[in-house]
Amino acid sequence: MISVILAKKIFSLFLIMLFSMAMVKFKLLKATDGKVMSVLLLYLLFPCMILIAFQVDFTPEIKNGLILGTVAGIFVQALLLFLGVFFGKLLKLSTVEKCSVIYSNSGNLIIPLVGSVLGPEWIIYSSSFVAVQLFLFWTHLKSSMARETHMDIKAVLTSANMLAIFAGVFLLLTGIRLPEPVNDALRGLGGMIGPAAMIIAGILLGEMTWDKVKVHKRLPLVVILRLIVVPIFCLIFLKYCGLAGWVENGKTILLITLLAVSTPSATTVVSMATLFDNEPEYASVINVVTATLCTITMPFIVWLYQL
């Protein structure tokens with residue numbers, strides 16, 4: 001049942017992407033508009049959703065669920081890094097290909113999907129995986145794309161999303177409740193994450209041509225690794241590792257982790273590739289193609305998990 005609901009939600013987001021693509025084709029939107037949307041998404045919409053997710057009572061159930069989500073996130077990210085190194089050496093993947101396989105677009109898609117499929121009360125558990133991934137974005141991913149040997153920990157801790165998580169945890173632990181008008185504003189802005197992410201993907205897709213896609217001969221390989229192979233490895237681990245028995249509703253919390261892993265390649269990979277001039281066009285192609293095909297693969301992965 002969850003896989004069916006997920007398929008409907010993803011399809012609705014896919015339609016938003018098509019509408020956005022059509023606006024590009026009719027010259028109503030252009031590539032620079034996508035950059036503006038990306039800034040809004042990163043610095044406004046995502047922090048708002050994080051803050052509103054932590055506006056709940058800090059019960060033992062939530063505490064244990066957050067611990068489980070964090071532990072699962074750390075183990076899964078370690079597995080993803082291992083798979084990236086393994087497939088990178090075995091298949092001679094480039095930096096962009098390897099990072100696109102390792103890093104999913106969980107920050108933009110997992111929160112709206114969890115809220116729609118499981119309910120808003122489950123959104124808080126998605127923050128565990130997002131926090132772990134954000135740390136790696138600004139350490140491993142950044143150093144890989146920039147061809148650096150050092151990692152900027154300060155950039156991790158001061159990024160907008162991490163600051164939002166720190167603020168959310170503080171509000172949760174202290175029991176401070178924001179005024180209702182503020183909560184309404186945060187809830188409204190946070191609810192725009194999914195559509196905004198797909199509008200950005202649609203703009204990229206509208207700018208894409210078949211000539212740009214067909215020159216990348218290894219694209220099908222990267223797409224299969226990102227959307228099928230890697231999620232199945234993580235599915236097997238999450239289903240049989242025994243972590244689900246730690247807390248009540250542990251299986252559902254691990255499902256949230258699996259959803260995060262099964263999303264398309266991270267838009268942050270595209271941003272980093274652009275910033276450090278490391279095959280940015282190829283990164284965009286991978287992002288758009290995986291965002292399109294995840295409408296089929298994500299419900300399938302969830303269905304396998306529920307068997």
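Visitor: In which hand does α12 pass α15?

Guide: Helices here are DSSP runs of H or I with at least four residues, numbered from the N terminus. A crossing is left-handed if the near helix is turned anticlockwise from the far one by less than a right angle, and right-handed if clockwise. In this predicted model, α12 passes α15 in a right-handed crossing.

Visitor: At what angle do the two helices pack, and how far apart are their axes?

Guide: Axes are lines fitted to C-alpha atoms, for helices over the stretch in contact, and angles run from 0 to 180 degrees between N-to-C directions. Helix α12 (residues 219-240) and helix α15 (residues 280-306) pack at about 35°, and their axes lie 9 Å apart. Contact means heavy atoms within 4.5 Å; the residues making it include Leu219, Val222 and Leu235 of α12, and Tyr282, Val285 and Leu304 of α15. By class, this contact has 17 nonpolar, two polar and two charged residues. Ala, Val, Leu, Ile, Met, Phe, Trp, Tyr, Cys and Pro count as nonpolar, Asp, Glu, Lys and Arg as charged, and the others, Gly among them, as polar.

Visitor: How many disulfides does the count come to?

Guide: A disulfide is a covalent bond between the sulfur atoms of two cysteines. The rule used asks for a pair of cysteine sulfur atoms within 2.5 Å, and the count comes to zero.

Visitor: Is Cys99 buried or exposed?

Guide: Buried means under 20% relative accessible area, exposed over 50%, and partly exposed in between (1.4 Å probe, protein chains only). Cys99 is buried at 1%, while Cys241 is partly exposed at 28%.

Visitor: What is the phi of Lys92?

Guide: Lys92 has a positive phi of about 55°, although it is not a glycine. Lys92 sits in the loop between α3 (60-91) and α4 (95-102), and is exposed at 69% relative accessibility. Glu279 also has a positive phi of about 55°; Glu279 lies in the loop between α14 (267-275) and α15 and is partly exposed at 36%.

Visitor: Which residues is Asn278 in contact with?

Guide: Leaving aside neighbours within four places in sequence, Asn278 touches Thr95, Val96, Ser144, Met145, Arg147 and Ala273. Asn278 is in the loop between α14 and α15 and is buried at 6% relative accessibility.

Visitor: How are the residues numbered?

Guide: They are numbered from 1 along each chain as its sequence is written, and side-chain values use heavy atoms, with hydrogens and water left out. In this predicted model, local features need pLDDT of at least 70 and side-chain atom pairs count only at pLDDT 80 or more, while totals for chains, interfaces and linings use all residues.
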